[in-house]
Amino acid sequence: MDDDPLRTRIEQYYATVPLLFSDAEEYGPLRLFVRKEPGAPYYGGPGHAQPVGGAPVGTEDIERVRARQRELGVPQAFEWLAEAAPALRARIEAAGLPVLERPLMTLDQHHAVAPQPLPDGVSVRALAADDPALAAALALPRLAFAEPGTRRSGAGAEELRDVAAELTADGTVKTVRPTLAAGHKTLVAALADDGTPLAVGHYHPAGGTTEIGGIGTLPTARRQGLAAAVTTALVTHARAHGVHTVFLAHADEAVARLYARLGFRPAGTTLLIADQPARS
């Protein structure tokens, strides 16, 4: 996989996007992204754009990064492309940190995606920084990921309003607005006719590449094709704005089958620490 151009683009993407919001601190062969502004903390990982295997990582390198994370008061999080540093997993696990796998899938740049059918009264759009649905759209993933899978379940519009109020009060919504306005992040939502977000997803573009993430459906609105509709809308929007390489990660085989039906194919594996915060 040394000369795999897709892997190279994904590695470059992982090295570039955090720098929109953070500084990179180097610890030998490892790197730690440190947030400049409030937001979900980033992670440590191998120095990017290096040969497969990279420089050898020692226990002391890992401990230096963890010590800095403790000093910053952020989780001891690491994330990296498995194929780029195949020996790192064993070192991280030997340090006592549990590692999870997140398979990646990519969409061939020549593969056409068509808009997906929507239920009556539902529309899909990219949300502007001042969109009235923004707070609820940002709140939706918390409910969706708290109840993983595709089964319809309890959380609905009332719970969504409660979480949206929390994110407004704690400043999260205010923090995200400039990122949307600058085009660093695009948030797409499927909305009911009353403006309630039913499904959402986002992407951060960099250098013609993007990872699609945060795709979730309100538990009471599942099994209507909304995640597929949001995914294809994200792909279409990204391509219209200069993105050629689109990839995503998944943690559930049922979700992977949905992406496969849209044309996504396996493209390596991301490794990360169990329970670390989402990078978005």
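Valine 200 counts as buried, with a relative accessibility of 1% (buried means under 20% relative accessible area, exposed over 50%, and partly exposed in between, with a 1.4 Å probe and protein chains only). The model is predicted, and local features need pLDDT of at least 70, side-chain atom pairs count only at pLDDT 80 or more, and totals for chains, interfaces and linings use all residues. Residues are numbered from 1 along each chain as its sequence is written, and side-chain values use heavy atoms, with hydrogens and water left out.

Valine 200 lies in strand β8 (strands are DSSP runs of E of at least two residues, helices are runs of H or I of at least four, and both are numbered from the N terminus). Not counting residues up to four places away in sequence, valine 200 touches Ala137, Leu140, Pro141, Val188, Ala189, Gly214, Ile215, Gly216 and Val230, where contact means heavy atoms within 4.5 Å. The C-alpha atoms of valine 200 and leucine 187 are separated by 7.1 Å, and the two residues are 13 residues apart along the chain.

Strand β8 belongs to an open sheet of eight strands with mixed pairing, in the order β4-β11-β5-β10-β9-β8-β7-β6. The edge strands are β4 and β6 (123-126), each of which pairs on one side only. Neighbouring strands of this sheet are turned by 25° against each other on average, direction ignored. Two strands pair if DSSP finds at least two bridges between them. Strands of a sheet pair through backbone hydrogen bonds, either parallel or antiparallel.

Strand β4 (residues 79-81) pairs with strand β11 (residues 265-273) in the antiparallel sense over three bridges, and tryptophan 80 stands opposite leucine 271 of β11. Strand β5 (residues 99-107) also pairs with β11 in the antiparallel sense, over seven bridges. Leucine 271 is the bridge partner of glutamate 101, and arginine 265 in β11 stands opposite threonine 106. Four bridges join β5 to β10, again in the antiparallel sense, and here threonine 106 stands opposite phenylalanine 247 of β10. The pairing of β9 with strand β10 (residues 245-249) is parallel and has four bridges; phenylalanine 247 is the bridge partner of glutamate 211.

Helix α7 packs on this sheet and touches β5, β6, β7 (186-191), β8 (197-206), β9 and β10, with its direction at about 30° to that of β8. Helix α8 (residues 253-261) also packs on the sheet, touching β5, β9, β10 and β11, and its direction makes about 15° with that of β5. Axes are lines fitted to C-alpha atoms, for helices over the stretch in contact, and angles run from 0 to 180 degrees between N-to-C directions.

The loop between β9 (209-217) and α7 (226-240) contains arginine 223. Arginine 223 counts as exposed, because its relative accessibility is 64%. Its phi is near 65°, a positive value in a residue other than glycine.

The largest nonpolar core has 53 residues, and Ile212 and Phe264 are those with the most contacts inside it. Helix α4 (residues 134-146) supplies the largest share of this core, nine residues. A second, separate core has 17 residues, including Leu32, Val65, Ala82 and Ile273. A nonpolar core is a set of buried Ala, Val, Leu, Ile, Met, Phe, Trp, Tyr and Cys residues joined through side-chain atoms within 4.5 Å. Apart from neighbours within four places in sequence, isoleucine 212 is in contact with His202, Tyr203, Thr231, Leu234, Val235, Val246, Phe247 and Leu248.

Another open sheet has three strands in the order β1-β2-β3, with antiparallel pairing. Its edge strands are β1 (22-27) and β3 (44-46), each pairing on one side only. The twist averages 30° from one strand to the next. Three bridges join β2 (residues 30-35) to β3, and leucine 30 stands opposite proline 46 in β3. Helix α2 (residues 59-72) packs on the sheet and touches β1, β2 and β3; its direction makes about 10° with that of β2.

Helix α1 (residues 5-16) has twelve residues and should span 16 Å at 1.5 Å a residue, which agrees with the 16 Å between its end C-alpha atoms; the expected span is 1.5 Å times one less than the number of residues. The buried residues of α1 are Leu6, Arg7, Ile10, Glu11, Tyr13, Tyr14 and Ala15.
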